[in-house]
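Trainee: I am new to this structure. Please show me how to read it.

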Amino acid sequence: MKLLIINGPNLNLLGKREPGIYGNQTFEDFFATLQARFSDIDLSYYQSNIEGELITKLQEADDVYDGVVLNAGAYTHTSIGIGDAIKAVAVPVVEVHISNTFGREEFRHQSYISPHAKGVILGFGVQSYILAVQSFLTM
C-alpha cells in the first residue's frame with residue numbers, strides 16, 4: 001500500500017507553533033515514528049504553505065497512491081479549490097486535524113474538504129494521522 005500525507009500551511013511549524021494546541025514534536029520527528037510503526041506501507045510526506053501547490057499534489061496523487069491523508073490547515077475552512085480537487089480525483093482522501101476544530105473559533109467549524117473526503121479524524125493530536133493511516137488498512 002502506498003499513502004501520501006499532505007500538510008498545509010503552518011504545519012511546518014509543529015513543535016514551535018502553539019504547543020498547547022499542537023504539541024512539542026516536529027512533524028518530521030513524528031513522521032519517522034509513523035514510518036517505523038507502519039513499515040509495511042510506503043508512506044510519503046509533502047508540506048506546502050501554498051494552496052495551489054496542495055491542489056497540484058492532490059491531482060498528482062491520483063492513480064499513484066492508494067490514499068491521501070490531508071491536513072489542509074486553515075485552507076480547510078477557506079479553499080473551495082482544494083475541495084473541488086478532492087472531488088475530481090479518484091484517490092480516497094481522509095481529512096485530519098490535530099486539534100478539535102469544533103472546540104475552537106467558529107470559522108473553523110466549516111470544512112470545504114469534509115463533503116468530499118472518505119472520512120474525517122480530528123482532535124487526537126498527531127495520533128489523528130495514525131488513525132487515518134489505519135483507516136486505509138480496513139478498507
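Trainee: How many salt bridges does the structure hold?

Mentor: Side chains of opposite charge can pair when their charged atoms come close. A salt bridge here is a side-chain nitrogen of Lys or Arg within 4 Å of a carboxyl oxygen of Asp or Glu. The structure holds one. Before we go on, note that this is a predicted model: local features need pLDDT of at least 70, side-chain atom pairs count only at pLDDT 80 or more, and totals for chains, interfaces and linings use all residues. Residues are numbered from 1 along each chain as its sequence is written, and side-chain values use heavy atoms, leaving out hydrogens and water.

Trainee: Which residue forms a salt bridge with Glu 60?

Mentor: Lys 57 does, and the closest N and O atoms are 3.7 Å apart. Helices (H or I, at least four residues) and strands (E, at least two) are DSSP runs, numbered from the N terminus. Glu 60 and Lys 57 are three residues apart in helix H3 (residues 51–61), so about one helical turn separates them.

Trainee: Where is Asp 62 found?

Mentor: Asp 62 is in the loop between H3 and S3. For charge, Lys and Arg count as positive and Asp and Glu as negative; His and the chain ends are not counted. Asp 62 is buried yet has no salt bridge. Lys 2, the nearest side chain of opposite charge, is 13 Å away. Contact means heavy atoms within 4.5 Å. Leaving aside residues up to four places away in sequence, Asp 62 touches Val 89, Ala 90 and Val 91.

Trainee: In what order do the strands form the sheet?

Mentor: Two strands pair if DSSP finds at least two bridges between them. Five strands form an open, parallel sheet in the order S2-S1-S3-S4-S5. S2 and S5 are the edge strands, each pairing on one side only. S4 and S5 pair over four bridges. Val 94 stands opposite Gly 119 in S5.

Trainee: Which elements do the buried residues of H5 pack against?

Mentor: They pack against strands S1, S2, S3, S4 and S5, and against helix H2. Among the buried residues of H5 (residues 127–137) are Tyr 129, Ile 130 and Phe 136.

Methods:
Buried means under 20% relative accessible area, exposed over 50%, partly exposed in between (1.4 Å probe, protein chains only).
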